[in-house]
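Here is a short briefing to read with the model open on your screen. It moves from the sheets to the aromatic rings and then to the core.

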Amino acid sequence: MRGKVRNHLRLLPLAGIAAALLATSCSSIDCPLNSLVYTQYQLMTADGRVDTLADTLTISTARMEGNDSVLINKDFKVTEFSLPISYSQPQDVFFVETKDTVQKITRFDTITVVKEDYPHFESVDCSPSFFHTLTSVSSTNNAIDSVVIKNPDVNYDTTKKHFYIYFKHRD
């Protein structure tokens, strides 16, 4: 009898460790801290090289409650940038302001991104994130020559460029 009790006492620490591992594995939730995804813009030249914008760049957007929100404020020597994408609107509109650092001329453009939203679930314990498929992009053409979709799938991968943006070059 005494041998059986000793064997059971030896198993008690192992049972405790197994229970602790099981409890932590069920309660470990890897929910993303930020459910926003961003679109990646790369400035390009007409001959396919990465471009650097010599002008000062400011980008803002209108929020749902009607206020403007500045996303990039007076950045310079820009070659690329990231912009958040909404999950509640079928399109996002960005207001682009470029200020020539030599001639002090300010130009205003608008970029409109049309997209389809779809929910992405990490776990049943996490609220859904929204990923997007870019369907079209348009812009005004004061400082911007054109914007094209390079990769239409917007998710957590920030290494791929979604848009190539071409600025007009002034002599």
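This is a predicted model: local features need pLDDT of at least 70, side-chain atom pairs count only at pLDDT 80 or more; totals for chains, interfaces and linings use all residues.

Residues are numbered from 1 along each chain as its sequence is written, and side-chain values use heavy atoms, with hydrogens and water left out.

**Overall make-up**

- The protein has 1 helix and 10 strands; these are DSSP runs numbered from the N terminus, helices being H or I with at least four residues and strands E with at least two.
- From the N terminus on, the order of elements is α-β-β-β-β-β-β-β-β-β-β.
- Of the 171 residues, 31% are buried (buried means under 20% relative accessible area, exposed over 50%, and partly exposed in between, with a 1.4 Å probe and protein chains only).
- Among contacts with a separation of 6 or more, 52% are between residues 24 or more positions apart; a contact means heavy atoms within 4.5 Å.

**The two sheets**

- Strand 2 (residues 56–62) and strand 5 (residues 91–99) run antiparallel and are joined by 6 bridges; two strands pair if DSSP finds at least two bridges between them.
- Thr61 has Phe94 in strand 5 as its bridge partner.
- Another open sheet has 4 strands in the order 4-1-10-8, with mixed pairing.
- At the edges of this sheet stand strand 4 and strand 8 (144–149), each with a single partner strand, so one side of each lacks a neighbour in the sheet.
- Strand 1 and strand 4 run antiparallel, joined by 5 bridges, and Gln40 stands opposite Ser82 in strand 4.

**Aromatic pairs**

- There are 3 aromatic pairs, where rings of Phe, Tyr and Trp (its six-membered ring) pair if their centres lie within 6.5 Å; planes under 30 degrees apart count as stacked, over 60 as edge-to-face and the rest as tilted.
- Tyr41 and Phe81 are stacked, because their ring centres are 4.8 Å apart and their planes are at 10 degrees.
- That pair links distant parts of the chain, with Tyr41 in strand 1 (residues 38–43) and Phe81 in strand 4 (residues 80–84), 40 residues apart.
- Both Tyr41 and Phe81 are buried, and together with Phe163 they form one aromatic cluster.
- Tyr118 and Phe131 have ring centres 6.3 Å apart and planes at 85 degrees, so this pair is edge-to-face.
- Here Tyr118 lies in strand 6 (residues 106–120) and Phe131 in strand 7 (residues 129–139), 13 residues apart.
- Tyr118 is partly exposed at 35% relative accessibility, whereas Phe131 is buried at 8%.

**The nonpolar core**

- The largest nonpolar core has 25 residues, and those with the most contacts inside it are Tyr41, Ile59, Phe81, Ile111 and Val113; such a core is a set of buried Ala, Val, Leu, Ile, Met, Phe, Trp, Tyr and Cys residues joined through side-chain atoms within 4.5 Å.
- At least two core residues come from each of strand 1, strand 2, strand 4, strand 5, strand 6, strand 7, strand 8 and strand 10 (163–167).
- Not counting residues up to four places away in sequence, Phe81 touches Thr39, Gln40, Tyr41, Leu43, Leu57, Ile59 and Ile72.
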